[in-house]
Amino acid sequence: SPCQDLSVAGARAGLSGERSGLFMEQIRIVKEMRAADEKRGRTAELIRPRYMVWENVPGAFSSNGGKDFQAVLTEIVRIADPEAPDVPMPDKGKWSKSGCIYDDMGRWSIAWRVHDAQFWGVPQRRKRIALVADFGGFDAPEMLFERKSVFGNPAESGTAGQGAAADAPGSAGG
């Protein structure tokens, strides 16, 4: 959702702001898509979309005294469990830069983490919250926290080649 209403540089209108309020439209769309899939006979983790991603500024943690981020988490939880209570505020009232919440029965998980956009192909230093929700299990923290490999550290290649490319017929070096 647009970040202007959640940013510390903005007017701090929060989720009730005209632009950041679009988050609730995302929630509505995901709920409608999942309800349509249920009507088609899909169940449990097979209901689509299984995953949801939300990205925003770290100001979302403090907007409206932290209650806007609490509302984001609560609304996402209620996609999977409409009767769920509000997600509780942190003990000291300040959200962690990374975290995970999940259902004890393994039905859903939500993970969030602050990233710096400069490491994601954007030529700027801008911190962003990346949030992933899995409405069918515990995959959210794995997606957000466990690295398989990183840029500059590719997986090992297969078998060695038979010779230099310059030796190949028709190559630039041959």
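Start with a pair of charged side chains: Glu 32 and Arg 28 form a salt bridge, and their closest N and O atoms are 2.9 Å apart. The term salt bridge covers any side-chain nitrogen of Lys or Arg that sits within 4 Å of a carboxyl oxygen of Asp or Glu. The general idea is simple: side chains of opposite charge can pair when their charged atoms come close. You're looking at a predicted model, in which local features need pLDDT of at least 70, side-chain atom pairs count only at pLDDT 80 or more, and totals for chains, interfaces and linings use all residues. Residues are numbered from 1 along each chain as its sequence is written, and side-chain values use heavy atoms, with hydrogens and water left out.

Why can those two reach each other? Glu 32 and Arg 28 are four residues apart in helix α1, which puts about one helical turn between them. Helices here are DSSP runs of H or I with at least four residues, strands are runs of E with at least two, and both are numbered from the N terminus. An α-helix has 3.6 residues a turn, so residues three or four places apart point the same way. Glu 32 counts as partly exposed because its relative accessibility is 46%, and Arg 28 is partly exposed too, at 35%. (Buried means under 20% relative accessible area, exposed means over 50%, and partly exposed is in between, using a 1.4 Å probe and protein chains only.)

Now look at the helix itself. Helix α1 runs over residues 22-39, and at 1.5 Å a residue its 18 residues should span 26 Å; the end C-alpha atoms are 26 Å apart, which agrees. (The expected span is 1.5 Å times one less than the number of residues.) Which residues of α1 are buried? They are Phe 23, Ile 27, Val 30, Arg 34 and Asp 37. Seen down the axis, the buried residues of α1 fall within an arc of 95 degrees, so they line one face of the helix; the arc is taken from the directions from the helix axis to the C-beta atoms. That face packs against β1 (51-56) and α3 (67-80), where contact means heavy atoms within 4.5 Å. After α1 comes Gly 41, with a positive phi near 100 degrees.

Back to charges. The count comes to 11 salt bridges. One of them joins Arg 50 and Asp 139, with the closest N and O atoms 3.4 Å apart. Arg 50 lies in the loop between α1 and β1, while Asp 139 is in helix α4 (residues 139-145), so this pair ties together parts that are 89 residues apart in sequence. Another joins the side chains of Glu 55 and Arg 128 at 3.0 Å, N to O. Glu 55 is in strand β1 and Arg 128 in strand β4 (residues 127-134), so to speak distant parts of the chain, 73 residues apart. Salt bridges that share partners also join Asp 37, Arg 40, Arg 42 and Arg 48 into one network.

Is Asp 37 buried or exposed? With 1% relative accessibility, Asp 37 counts as buried. Its side chain makes a polar contact of 2.9 Å with the side chain of Arg 40. (A polar contact is a pair of N or O atoms within 3.5 Å; within protein, one must be able to donate a hydrogen and the other to accept it, and residues adjacent in sequence count only if both atoms are side-chain atoms.) Leaving out residues up to four places away in sequence, Asp 37 touches Arg 42, Leu 46, Ile 47 and Arg 48.

Finally, the rings. There are seven aromatic pairs. Among them, Phe 23 and Trp 54 pair edge-to-face, 5.9 Å centre to centre with 65 degrees between the planes. This pair links Phe 23 in helix α1 to Trp 54 in strand β1, 31 residues apart. Phe 23 is buried at 0% relative accessible area, and Trp 54 is buried at 1%. Phe 69 and Trp 112 are also edge-to-face, at 5.3 Å and 75 degrees. (Rings of Phe, Tyr and Trp, using the six-membered ring of Trp, pair if their centres lie within 6.5 Å; planes under 30 degrees apart count as stacked, over 60 as edge-to-face and the rest as tilted.) Phe 23, Trp 54, Phe 61, Phe 69, Trp 95 and Trp 112 form one aromatic cluster.

Key:
Expected span 1.5 Å × (residues − 1).
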